Amino acid sequence: MRTAQQPATRHWRHAVAPGGLPLAGHALLMGRKPLQFLASLPAHGDLVELRLGPRPVYLPCHPELIQQVLVNARVYDTGGPVKEKAKPILGNGLITSDWADHRRQRRLVQPAFHTARIAKYAEVMERECEAESTAWTARRPIDVSHEMLALTARVTARALFSTDMAPHAVAEIQHCLPIVVEGAYRQAIDPTGLLAKLPLAANRRFDDALTRLNQLIDRMIDDYKASDDGDRGDVLSALFAAQDDETGGTMSDQEIHDQVMTLLLAGIETTASALTWVWFLLGRNPRAEAALHAEVDEVLGGRAPRYADVPRLAYTQRVFSEALRLFPPAWLFTRTTTETTELGGRRLPPASDVLISPYVLHRDPALFPRPESFDPDRWLPERAKEVTRGSYLPFGGGSRKCIGDVFGMTEATLALAAIAGRWRMRPIPGTKIRPRPQMSLTAGPLRMIPEPR
């Protein structure tokens, strides 16, 4: 008999995902309807096994199991087929580096995102958000996805490479980045690896865009090294100045290149996708839209938002947080075991692949009441305390939590306030969009009509 002092043994539910096929396993379901398929699995167990081709893959569905994976980065290292296919594109940056190398990289890159630096980057955000909010024509339909991508590309590029970055360089990033992101996802979901080798027009566009992006980054690095400007207040300056407190080492040009490529790909499309979903959700929820407008009017009084306003834009931040819950850009990521371990009472041998899906977690009715409802006030302090620890992961978790989370939240808050201060975004009747699970969870084209407030 267990005494009162002995901890209760947790009985985890294990399951095998239904619908697997010989040889292919669940690869076809993942390829056709990944969101619906993954979201159906928590009903079967706390730890669900599926197969992508011949390989078993494990999806933890309970926050405790997910936290066990995320906080133990040495045992559950970044890995899996997605990582192996991303590494030739991203290089050995924060997303793709192994555990030991990641610790060193994180120490070196972290100073670029300290609070004082964020305040400097916010000057870029303020200018670009104001420019975006004044560029539209009343009642002329716009593609919100395109506009948000253009905005976040300008902000991220100029924060990375300094505020006087040439417009043609920003345009190059805007052109190349979506092609690279789409091509990277296309390669990542191909279990055979053959698709990338075919002489397809899409592959040629991808190769060209990736080459141009790499060349642009190299030119920026060479320009920095050739100048005597010192600290320009941008990310690149911080990367060149970074010194490892433990070893005294600095980053090589190639390491800096890989970090810049990682920050570009991770920092532009993700924030743009989340902002696009915000406007879509507000267009369907007039009460939330009215509350956002009321806060912006009260805090700003008709002027453009500033970095100092961010703490007072609490509802604006809750709107963005709720959009991140419903449509997390990082909807799926992988870990691979480096040694034999146990997860939820299940023995996992070395090189076992584990899937983590914030999308699945965020829409679990056991964790979020009325999970399909857009409810920004679920993030009020008194209600947020009721959210199960580890069940909200828009920026990942553990030592690999997104290094730019504060940057992204600041940028999004300023963008929402600037645009909502001038415009009411009206949906075009009959417009239908659906989540597109690619490298991030995008909305695709979204046409809306800006009406002056």
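1. Overall size: a compact globule of 453 residues would have a radius of gyration near 22 Å, and the protein has 22 Å, so the two agree. That radius is taken over C-alpha atoms, with the globule rule being 2.2 Å times the number of residues to the power 0.38. Along the principal axes, the C-alpha atoms fill a box of roughly 65 × 55 × 55 Å.

2. Ground rules: this is a predicted model, where local features need pLDDT of at least 70 and side-chain atom pairs count only at pLDDT 80 or more, while totals for chains, interfaces and linings use all residues. Numbering runs from 1 along each chain as its sequence is written, and side-chain values use heavy atoms, leaving out hydrogens and water.

3. Take contacts (heavy atoms within 4.5 Å) between residues at least 6 apart in sequence: 72% of them join residues at least 24 apart.

4. Secondary structure: you'll find 17 helices and 13 strands, as DSSP runs numbered from the N terminus (helices H or I, at least four residues; strands E, at least two).

5. Around β13: strand β13 (residues 447-452) pairs antiparallel with β5 (residues 142-143) over two bridges, and Asp143 has Arg447 as its bridge partner there. Strand β10 (residues 423-427) also pairs with β13 in the antiparallel sense, over five bridges; here Met448 is the partner of Pro427. Pairing requires at least two DSSP bridges between the strands.
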